[in-house]
Structure formats: structure tokens, C-alpha cells
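This briefing goes through a single structure topic by topic, and it is meant to be read with the sequence and the coordinates at hand.

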Amino acid sequence: MSKVFFIDIKQGSLLPELVLKSGLKEVVRKDNFTAIKMHFGEQGNIGYIKPHWVKPLVDLIKEQQAIPFLTDASTIYKGKRSDAVNHSLVAAEHGFTIDSCGAPVIIADGLRGNSYQNVAVKGKYFSSVKIAQDIYYADSLVCLSHFKGHELSGFGGALKNLGMGCGAKAGKYEMHNSVLPEIDPLKCTACRVCFRWCPTKAISLVNDKAKIDPKKCIGCGDCILSCSFHAVQITWNETYTAVQEKIAEYAAGAVANKINKCLYVNFLNHLTAYCDCYPSQAKDKPLIGDVGIVASLDPVSIDQASVDLVNQAAGRDLFKEAWPPINWSDQLRHAEDLGLGERKYTLEKI
Ligand code: SF4
Ligand code: SF4
């Protein structure tokens, strides 16, 4: 049974103790290039993990005489993080600078998101996954995840940050492509905003309403984000299970060359229904108050513990309530089946 360590959000000054107790010194060794995997937040988003949480972790990694860098990979939707230049600028805008964090930002899959390594996995969907180059070549990994709801996986935590987050653009395409959105003609105003954002020109006007060509759509979700009229919807069907299982297989690929070299920290604060890719503050409102911070060497245990802690605090299944058609446990089940970790854990409060 894996251990998960917990501090209340009011005990933030104990963050270094939390990660040391969780095994940072065993994971990060002298001269290790250490990827601190983050989500810097889409431009306009306010839910992402703030730089003041990152700095003490960078300092601890440096005390180990290791070499930390902050990193993420490009998005497939056309926001401000879909290439390395703009992604770095947004990170700087959100305060992730060498001055404030003590480590540089390196976008791991290169200028256009096409630098990756193929990594073999034994999955149901994939025998090989495309992991962002500089995460692949790092010696150790500290995965910092803002825990919150997610429109495709019910919740997003360590597995999502590892799987979707460490996949290069081509990898993100193959994780998404079983989820194709549809446009509700009753809500569509034919404003054409989604046309500009669609990377594959899959949307056209038919009978004065937007329509998606499923042969061209790659499931990137960009049109969902761009439509102000909530006209673009994902069909509620079993594809959510497939996406979650694919994320778990990518997560397995992301850590395949880092056995005993990964540590996970989940921040259970600013608990929104939507992920940090949304720029809109309307989608950035917390559902409940902050809960705490957890750390573990096991990405499955930490996500299971995070769901349990949040749902206990809410007194109900917050993620099922936010996303009724999604069975969020699919990602945990498949990750456990793949040998990434275990759902049973012991929780130690510091
Ligand atoms: S952005 Fe929304 S309302 Fe505008 S054309 Fe696209 S689907 Fe219709
Ligand atoms: S129609 Fe498909 S490819 Fe185009 S933005 Fe929407 S999800 Fe992406």
C-alpha cells in the first residue's frame, strides 16, 4: 500500500517538509536534470499553481545539487500555449521567471510541439507513446499538479498532468481523437468564431449553422473553448473512458525510464470544475474552499487520495456532480492495471 502525505492548506510553510517526508531525496540525486512538470495556466486563467509554491521546491532540489527546470508541453488547441515562444511568455506573465522561481522554463516538446521520443508501452490502445523530448531526457521528475475537475476525465490530477501533459502535440492528438464534439444548432448563432480556432478547418456553415466534419476533426476541443454560446458539446458516450485510459497509457510512457525517479505533489486548492486551459474567469470559480496539499511517490495513490479528500470536504462526489456522464475512476482503474501504482493508500497528516 503506498503512502500519501498531507498538509492543510493553512500549513503551506510545511511544503518542504511534506516533499522531504515523501521521499524527494531518494528521487532527486546530485547532477540530475530534474523536470518540474507544471501547468502554467492559460492566459487569463487564475487557478494554476502559483510561483511562490514552486520556489521552495526548486531550492530543495538545488540543495540536492541537482539541476531543476520548470516545464510543460504545447497544447493542441490554439491558445497562448500552443508553441514554445508564446507558452514561455505566458509562463513569465504568470510569474514563472528565474528571479521568482530560481529555475528556467523550458517547453519540453520544442518550438512547434513536435520534438518527442517514442516510448514503448503495453497498453490497450498504444504500443508506443510520444513523450515530450526534454521530459524524456530528464533524469528525475517532480510532478506538480493543480487538482480540479476536468471536462474529459472528471478530475485532473497527477495522471492527467503526466499523461496528457507530457505528451507532445501528436500524442495529444491521439489521446483526444476518440472524443468528437458536435454543435447544437439551436444554440449556434453562426458567429464563426470557432472557424478561426479550428486547426484542421473542420467547421463550416451548413443551413446557416456551424457543422463539424468528423473526417477532419481531430478532437482537440478548441472549438468548445472558443464558443461563447455553449453551442459546442461533446457527445455523452463511452469515449470518456477511452480518453482516460489513453491518458493512463501516456502516463505510463512518461515515467517508463524514471523508475523510482518521480515524485508527485497535488495542490487541492482553487477547486474548479474545469481545467486550467480555460482563459475564462467564468469557468475559473472554485466549487468549494481549499483543502490542502498532498505528496506521494505513487501517481495512482495520490490521485485517489486527492479525490477522497476533496469529496470528504464537499460531503458529496463533487466530480460526478460537475460531470455526471463521466466515470472519473476509469483513469485510476486503468493506471492500476498498467502497474503505475495502486488505489489503496495510507494517509499521513503532517
Ligand atoms: S462559435 Fe459557437 S455560435 Fe459561433 S459559429 Fe461556432 S458553434 Fe456557432
Ligand atoms: S472541430 Fe474538431 S478539430 Fe476543429 S476545433 Fe473542434 S475539436 Fe478541434
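**Helix H3 and the residue after it**

In helix H3, the buried residues are Pro51, Trp53, Val54, Leu57, Val58, Leu60 and Ile61. The model is a predicted one, and the points below should be read with that in mind.

- Helix H3 covers residues 51-63, a run of 13 residues, and the distance from its first C-alpha to its last is 19 Å, which is close to the 18 Å expected at 1.5 Å a residue.
- After H3 comes Gln65, which has a positive phi near 60°, and this residue sits in the loop between H3 and strand E3 (67-72).
- Gln65 counts as partly exposed because its relative accessible area is 49%, a value that lies between the 20% and 50% cut-offs.
- Most residues other than glycine have a negative phi, whereas Gln65, a residue other than glycine, has a positive one.

**Domains**

- The domain assignment divides the chain into domain 1, made of 2-175 + 238-349, and domain 2, made of 181-234.
- Between the C-alpha centres of domain 1 and domain 2 the distance is 29 Å.

**The surroundings of ligand 1**

- The shell around ligand 1 consists of Ile183, Cys188, Thr189, Ala190, Cys191, Arg192, Cys194, Ala210, Cys227, Phe229, Ala231 and Val232.
- By residue class, this shell around ligand 1 holds ten nonpolar residues, one polar residue and one charged residue.
- A disulfide is a covalent bond between the sulfur atoms of two cysteines, and a search of the whole structure finds zero disulfides.
- Ser228 is located in the loop between helix H10 (222-226) and strand E13 (232-234), and it counts as exposed because its relative accessible area of 59% is over the 50% cut-off.
- From Ser228 to His150 the separation is 78 residues in sequence and 19 Å in space, C-alpha to C-alpha.

**Aromatic pairs**

- Eleven aromatic pairs are found in the structure; among them is the pair of Phe147 and Phe319, whose ring centres lie 5.6 Å apart with the planes at 90°, so the pair is edge-to-face.
- This pair links distant parts of the chain, 172 residues apart, since Phe147 lies in the loop between strand E7 (140-146) and strand E8 (148-150) while Phe319 lies in helix H13 (residues 318-322).
- Both Phe147 and Phe319 are buried.
- One aromatic cluster is formed by Phe147, Phe155, Phe319 and Trp328.

**Other positions along the chain**

- Leu347 belongs to strand E16 (residues 345-349), and it counts as partly exposed because its relative accessibility is 34%.
- Leu347 and Val294 are separated by 53 residues in sequence, and their C-alpha atoms are 9.1 Å apart in space.
- Asp83 is found in the loop between E3 and helix H4 (84-93), where its relative accessibility of 21% puts it in the partly exposed class.
- Asp83 and Leu309 are 226 residues apart in sequence, with 35 Å between them in space, C-alpha to C-alpha.
- Ala273 is placed in the loop between strand E14 (262-268) and strand E15 (292-296), and it counts as buried because its relative accessibility of 13% is under the 20% cut-off.
- Along the chain Ala273 and Pro286 are 13 residues apart, and a distance of 7.5 Å separates their C-alpha atoms.

Notes. Residues numbered from 1 in each chain as written. Chains lettered and ligands numbered in written order. Predicted model: local features only at pLDDT ≥ 70, side-chain atom pairs only at ≥ 80, totals over all residues. Heavy atoms only, no water. Helix = DSSP H or I, 4+ residues; strand = E, 2+ residues; numbered from the N terminus. Expected span 1.5 Å × (residues − 1). Buried < 20%, exposed > 50% of the residue type's maximum accessible area, 1.4 Å probe, protein only. Domains from an automatic or database assignment. Disulfide = S-S within 2.5 Å. Near = heavy atom within 4 Å. Nonpolar A, V, L, I, M, F, W, Y, C, P; charged D, E, K, R; others polar. Phe/Tyr/Trp six-rings, centres within 6.5 Å; stacked < 30°, edge-to-face > 60°.
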